[in-house]
Amino acid sequence: MNTVAVPHKIACLDLKGQHQQIKKEVFEAFEKVYDTTAFSGGPFVEEFEKKFAAFCHTKYAVGVNNGTSALYLAMLALGIGKGDEVIVPANTFIATAWAVSYTGATPVFVDCTDDTWQIDAAKIEEKINANTKAVVGVHLYGQPFDIESVAAICHKHGLYLVEDAAQAQGAQYKGIPVGCFGEMACFSFYPGKNLGACGEAGGITTSKDVYYKHLLSLRNHGSEVRYYHDEIGFNMRMSGLEGAALTVKLKYLRGWNNRRKEIARRYQNEIDNIQITVQAQPEWAASVYHLFVITTDDRDRLSKYLNENNIYPGLHYPVPCHLQKAYSHLKYQEGDCPNAEYLASHCLSLPMYAELTDKEVEHVIDVLNRY
Ligand SMILES: Cc1ncc(COP(=O)(O)O)c(C=O)c1O
């Protein structure tokens, strides 16, 4: 095995460069929030909501305190609860399933395809029964899932479609931004996301007035008029500081996503080691490469080799949802979702963020090709 000398550590993600670049502007925005004391909800959140809705081609966006809350409130707005089933991919971050469980409903896990690693539309119908109410499709790693196929199944069986777009701000399906296809779409603005806050934040996009009104109430103690509570609600408001930071960062998102695309293109075109498989990308799926996931036969060996060369890949995710201990009561077995299981035991995430230099990208490619 060849190894090459490297200048410094290259992590899967490093947020420092991005935040230094926009520090002055974000601090000025923070100062405005501070001076007006609009700390919880308020005009800075509303400004972001308007701009983000426009970005997603929806009528509304509702800012909340994180992406998990966004998913939970979307489930509640659809009236999902005890006795219901909601189909979710086995290959996703666990929060997609949490949202279903929080309502008392049951997540039903569907395998991913063996090449796009997204929910396999062909395996959804066999999981549908009289209790099934919705499908949550996930634009995982920043790449849109097969929206038309999943939407057609939802339409045929009278199910709601919700997008989990937590990892996919700015991704496009057939040229249209994700976030406007389902009844609602849920976003995370966790700091490491393509559009990340300077703390925790999330949001829901929708074009339907009925959901919009309900979400506003749910996130604010079930209240439309102060101190009058029409239903049991939550404090899941977005903070003013996060709204202000996100408005600043939204201006840069396209540029940052374009740089991620450039890096991904290089990985796809220049990594020619047959021991490494990259995610298949149908021509209708314009990914924003939140993660650049690969698979390889011996992940531990590759990981060790990369570390020796100062490259520190990530791992998203080591256990598929259906085999998580938290869901052992659902009695899934190994072999139930073989593609998701294969991925969980063979995947690694290459360094991916807009501030990676060409030199760093070339180093990653070079090291991988020498493996
Ligand atoms: C696919 C997916 N869904 C939901 C979430 C939950 O978002 P948050 O961490 O903001 O609660 C995440 C965030 O990691 C995610 O990646």
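User: Which residues of helix 3 meet helix 8, and what counts as a contact here?

Analyst: Two residues are in contact if their C-beta atoms, placed from the backbone, lie within 7 Å, and helices (H or I, at least four residues) and strands (E, at least two) are DSSP runs numbered from the N terminus. By that reading, F44, V45, E47, F48, K51, F52 and F55 in helix 3 meet G240, G243, A244, L246, T247 and L250 in helix 8. The residues of this contact divide into eight nonpolar, three polar and two charged, where Ala, Val, Leu, Ile, Met, Phe, Trp, Tyr, Cys and Pro count as nonpolar, Asp, Glu, Lys and Arg as charged, and the others, Gly among them, as polar. This is a predicted model, in which local features need pLDDT of at least 70 and side-chain atom pairs count only at pLDDT 80 or more, while totals for chains, interfaces and linings use all residues. Residues are numbered from 1 along each chain as its sequence is written.

User: At roughly what angle do the axes of helix 3 and helix 8 cross?

Analyst: Axes are lines fitted to C-alpha atoms, for helices over the stretch in contact, and angles run from 0 to 180 degrees between N-to-C directions. The axes of helix 3 (residues 43-55) and helix 8 (residues 240-270) cross at roughly 40 degrees and come within 7 Å.

User: In what order do the strands form the open sheet?

Analyst: Two strands pair if DSSP finds at least two bridges between them. Here seven strands form an open sheet of mixed pairing, in the order 2-10-9-6-5-3-4. Strand 2 (60-64) and strand 4 (106-110) stand at the edges, each with a single partner strand, so one side of each is left without a neighbour in the sheet.
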